[in-house]
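Here is a short briefing to read alongside the sequence and the model.

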Amino acid sequence: NSLATLVTSITMFLGSLFMMLITNWIMAIVAVVSCLLGLFSMSLILKKSQKYFIEKQEALGELNGYIEEMYSGHNVVKAYNGTSEAISKFKKLNDRLYETNRKSQFLSGMMHPIMGFIGNFGYVMVCIVGALLTMNDMISFGVIVAFMIYVRLFTNPLSQIAQAMSSLQSTA
């Protein structure tokens, strides 16, 4: 699913970029620069969250291994009164998994709102620059309307790419 989303999103992204450049290069630069801010913040979050995804998988592996050991050696643990020690170690491993999972999911969950903000920021910047260009008779009002649509068509794929990257990151 993520691969199909990536292909569709990249195609839509490049198509809308092409149409923006054909329509008005000044407005296209404004839209691209505002969206580059989103790509930069997304890459920072991806770098930071990848560390937590790796830690989460390691903690999950440790916890699963420990549970398997305790389950298969349940009679031995009971015979030697190791229940409290086993529970204590389980709690420690489980808490580590909880923390790494919480951090990875928090950072991963930040991508969609950040991309939404960047999309709206690009939308506002296009409106401001478009208004200035219209007042100077450089473009018509229709170009502003077209760019409002182009910015949405440009940023939605970025948001979908961010979501797909988050899924692929978890898979990795």
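Are Phe147 and Tyr150 buried or exposed? Phe147 is buried, and Tyr150 is buried too, where buried stands for under 20% relative accessible area, exposed for over 50%, and partly exposed for what falls in between (1.4 Å probe, protein chains only). Please keep in mind that this is a predicted model, where local features need pLDDT of at least 70 and side-chain atom pairs count only at pLDDT 80 or more, while totals for chains, interfaces and linings use all residues. Residues are numbered from 1 along each chain as its sequence is written, and side-chain values use heavy atoms, leaving out hydrogens and water.

**Aromatic rings**

- A search of the whole structure turns up two aromatic pairs; rings of Phe, Tyr and Trp (its six-membered ring) pair if their centres lie within 6.5 Å, with planes under 30 degrees apart counted as stacked, over 60 as edge-to-face and the rest as tilted.
- Phe117 and Phe121 are stacked, because their ring centres are 6.3 Å apart and their planes meet at 20 degrees.
- Both Phe117 and Phe121 lie in helix 4, four residues apart, about one turn of the helix; helices here are DSSP runs (H or I, at least four residues), numbered from the N terminus.
- Phe117 is exposed at 52% relative accessible area, whereas Phe121 is partly exposed at 31%.
- The rings of Phe147 and Tyr150 have centres 5.7 Å apart and planes at 80 degrees, so this pair is edge-to-face.
- Phe147 and Tyr150 both belong to helix 5, three residues apart, about one turn of the helix.

**A charge over a ring**

- Arg152 lies over the face of Tyr123, 4.5 Å from the ring centre; the criterion is NZ of Lys or CZ of Arg within 6 Å of the ring centre and within 35 degrees of the ring normal.

**Ser16 and its surroundings**

- Ser16 lies in helix 1 (residues 2–23) and is buried, with 5% relative accessible area.
- A polar atom of the Ser16 side chain lies 3.0 Å from the backbone oxygen of Phe13.
- Leaving aside residues up to four places away in sequence, Ser16 touches Tyr150, Leu153 and Phe154 (heavy atoms within 4.5 Å).

**Positive phi in the loops**

- Most residues other than glycine have a negative phi.
- Asn81, not a glycine, has a positive phi of about 55 degrees; Asn81 sits in the loop between helix 3 (74–79) and helix 4 (83–135) and is exposed at 68%.
- Asp137, also not a glycine, has a positive phi of about 55 degrees; Asp137 is in the loop between helix 4 and helix 5 (141–171) and is exposed at 70%.

Methods
Helix = DSSP H or I, 4+ residues; strand = E, 2+ residues; numbered from the N terminus. Polar contact = N/O pair within 3.5 Å; in protein donor to acceptor, adjacent residues only side chain to side chain.
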